[in-house]
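Please open the model in your viewer and keep the sequence panel beside it. The tour below moves from one selection to the next and says what can be found at each stop.

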Amino acid sequence: MQGVIRALAAPAAATALVLLTGAGRASDGFTLTDATAKQVADAYWKARPGGPMRMGQWERMIAITAFDLPGQPAAAERDALIAKAKQQKTTESVCQSGTDLAAPEPAQIFEMQGQKCHYQRLTMGGGSFAGQLSCEGEEFGERIDVAVSGSYTPERFAIRLDVDRQPVDRTQRVVMTMQLNGQRTGECAK
């Protein structure tokens, strides 16, 4: 089960805090329902929802705020795994320079847990986003449902991911909430 925790949190730590570059002026955003990942990507790059974020030193944090193993019976080992998952938190300070950053890019943030994703709905623009998507997992027959919500301004962002990983073996089901936050803390250290 520790491998499951790492498998779910590691991609998030590596990619979820990345905000991709976007050039040009931002629009008011977009709303899609019953859309493929490609349709969402096309709408994102066409709309460029969000103005440029300020360059400089940024503090970025990812934390697992809720974690459950609903397919496993209550036991000391299960409780220890849940407690360990909830302790996972990563904070880093990075210098963002040289380019304007846009709103969080869906493929990098929302789809990090799976592949072949389909969006039941996604609204993005005006400094906020919310949506629901389902993805195929890496294992045969695995499904991952994700609810996303968050906000972004030129100097901060907050992203919440509610993830329900449903493998074929239902005893290995994982339900968790991840919080991704970032804020500009000043000019880059030289």
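Begin by selecting D164, which is buried because its relative accessible area is 17%, where buried means under 20% relative accessible area, exposed over 50% and partly exposed in between, with a 1.4 Å probe and protein chains only. What you are looking at is a predicted model, in which local features need pLDDT of at least 70 and side-chain atom pairs count only at pLDDT 80 or more, while totals for chains, interfaces and linings use all residues. Residues are numbered from 1 along each chain as its sequence is written, and side-chain values use heavy atoms, with hydrogens and water left out.

**Around D164**

D164 belongs to strand β7, residues 156-166; strands (E, at least two residues) and helices (H or I, at least four residues) are DSSP runs, numbered from the N terminus. Show the side chain of R173 as well, and you will find a polar contact of 2.7 Å between it and the side chain of D164. A polar contact is a pair of N or O atoms within 3.5 Å; within protein, one must be able to donate a hydrogen and the other to accept it, and residues adjacent in sequence count only if both atoms are side-chain atoms. Setting aside residues up to four places away in sequence, D164 touches R143, I144, D145, R173, V174 and V175, where contact means heavy atoms within 4.5 Å.

Next select V168, which sits in the loop between β7 and β8 (174-186) and is exposed, with a relative accessible area of 58%. Its C-alpha lies 8.5 Å from that of E139, although V168 and E139 are 29 residues apart in sequence. Beyond its neighbours within four places in sequence, V168 is in contact with F140, G141 and E142.

**Strand β2**

Now move to Q57 in strand β2, a residue that is buried at a relative accessible area of 13%. The side chains of Q57 and S93 are joined by a polar contact of 2.8 Å.

Select helix α2, residues 37-47, and colour V40, A43, Y44 and A47, which are buried. These residues cover an arc of only 100° around the axis, so they are on the same side of α2; the arc is that of the directions from the helix axis to the C-beta atoms. An α-helix has 3.6 residues a turn, so residues three or four places apart point the same way. The exposed residues K38 and K46 are on the face of α2 turned away from its buried side, while the cover over its buried residues includes β1, α4 (106-109) and β4 (115-125).

Most residues other than glycine have a negative phi. D34 counts as exposed, at 56% relative accessibility.

**Aromatic pairs**

Display the aromatic rings, among which there are three pairs; rings of Phe, Tyr and Trp (its six-membered ring) pair if their centres lie within 6.5 Å, and planes under 30 degrees apart count as stacked, over 60 as edge-to-face and the rest as tilted. Y44 and W45 have ring centres 4.8 Å apart and planes at 90°, so this pair is edge-to-face. Y44 counts as buried at 1% relative accessibility, whereas W45 counts as partly exposed at 33%. W58 and F157 form a stacked pair, 6.2 Å centre to centre with 20° between the planes, and this pair links distant parts of the chain, with W58 in strand β2 (residues 56-68) and F157 in strand β7, 99 residues apart.

**The whole chain**

Finally, zoom out to the protein chain, which has four helices and eight strands. Buried residues make up 43% of its 190 residues. The largest nonpolar core has 37 residues, and F67, F110, L133 and L161 have the most contacts inside it; such a core is a set of buried Ala, Val, Leu, Ile, Met, Phe, Trp, Tyr and Cys residues joined through side-chain atoms within 4.5 Å.
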